[in-house]
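Let's take a walk through this fold, ring by ring and helix by helix. Have the sequence and the model open as you read.

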Amino acid sequence: MGRRPQPHLKDRLLDACADHALAHGLPDRLEPLAAATGASARMLIYHFGTRDALLRAVLGRARQRQLDTWGDLLRARPDEPYTTTLERAWASITSEDGRPYLRMFGQLRESAEQRLWPDFRRTATTDWLGPLEDGLRGMGRPELATLVLAVIRGLLMDLDATGDTARADRAFQEFLATLGHPAGGDRPRAHRPRGTSPEGTAGAGAATGP
């Protein structure tokens with residue numbers, strides 16, 4: 001008789017594979033994932049079918065973690081202006097904890113990875129429009145979601161290219177000051193950026209995040 005399915009074991013293996021891929025990148029072979037899980041490559045194939053099926057599952061699990069975490073960061077809070085929410089979200093997205101997601105999903109820009117998730121470029125955009133629209137609705141400006149997302153993604157591309165965290169922080173805070181005040185009105189000075197040297201980096205692949 002064949003083995004019975006073990007969904008709890010499969011779930012634990014997938015979590016361990018996602019942890020490894022976020023820390024070290026998506027591997028080309030099964031061996032690094034097998035070592036990270038303490039399982040054999042044969043066992044991974046048994047649970048996931050093929051190498052590509054496992055890699056797609058790893059990407060899906062990591063993406064769900066990102067959506068859960070960043071979706072909560074972008075959620076409007078009744079006790080604070082949404083520009084404050086966005087400022088905190090930006091700090092988290094570009095932090096040490098956020099960079100693994102930027103690196104991982106940056107790999108999907110490469111043709112070798114697009115076959116694992118062919119529709120990712122569109123999904124990576126539309127996933128964030130809903131949360132931003134909901135948050136900006138409290139300001140009466142849900143239509144600005146596309147603009148806000150474009151600014152975030154553009155500054156992430158800048159960080160990926162230059163590593164100039166302080167300059168990107170200042171630019172985002174200036175943008176938030178403009179967002180929170182109508183054109184022609186007085187704007188408060190942006191907050192002082194995080195005490196990060198220009199050598200700080202957002203990590204490879206930032207262009208496709210969030």
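Is Phe-172 buried or exposed? Phe-172 is buried, at 0% relative accessibility (buried means under 20% relative accessible area, exposed over 50%, partly exposed in between, using a 1.4 Å probe and protein chains only). A quick word on ground rules: this is a predicted model, where local features need pLDDT of at least 70 and side-chain atom pairs count only at pLDDT 80 or more, while totals for chains, interfaces and linings use all residues. Residues are numbered from 1 along each chain as its sequence is written, and side-chain values use heavy atoms, with hydrogens and water left out.

Now for the rings. Rings of Phe, Tyr and Trp (for Trp, the six-membered ring) pair if their centres lie within 6.5 Å; planes under 30 degrees apart count as stacked, over 60 as edge-to-face and the rest as tilted. That rule gives 6 aromatic pairs here. One of them joins Trp-90 and Phe-172, stacked with 4.8 Å between centres and 25° between planes. Trp-90 sits in helix α5 (residues 82–93) and Phe-172 in helix α10 (residues 165–179), so this pair ties together parts 82 residues apart in sequence. Helices here are DSSP runs (H or I, at least four residues), numbered from the N terminus. Trp-90 is buried too, at 4% relative accessibility.

Next, look at Phe-105 and Phe-120: their ring centres are 5.4 Å apart and their planes meet at 15°, so they count as stacked. Phe-105 belongs to helix α6 (residues 99–106) and Phe-120 to helix α8 (residues 120–137), 15 residues apart. Phe-105 is buried at 1%, and Phe-120 at 2%. Phe-105 also has Arg-63 over its face, 5.3 Å from the ring centre (a charge sits over a ring if NZ of Lys or CZ of Arg is within 6 Å of the ring centre and within 35 degrees of the ring normal).

Trp-70, Tyr-101 and Trp-128 make up one aromatic cluster. Trp-128 turns up again among the contacts of Leu-67, along with Asp-72 and Asp-127, leaving aside neighbours within four places in sequence (contact means heavy atoms within 4.5 Å). Leu-67 lies in helix α4 (residues 51–73) and is partly exposed, at 24%.

Finally, helix α3 (residues 41–48) has Leu-44, His-47 and Phe-48 buried. Its buried residues fall within an arc of 80° down the axis, so they line one face of the helix; that arc is taken from the directions from the helix axis to the C-beta atoms. Their cover includes α1 (7–24), α2 (31–37) and α4.

Technical notes:
Helices (H or I, at least four residues) and strands (E, at least two) are DSSP runs, numbered from the N terminus.
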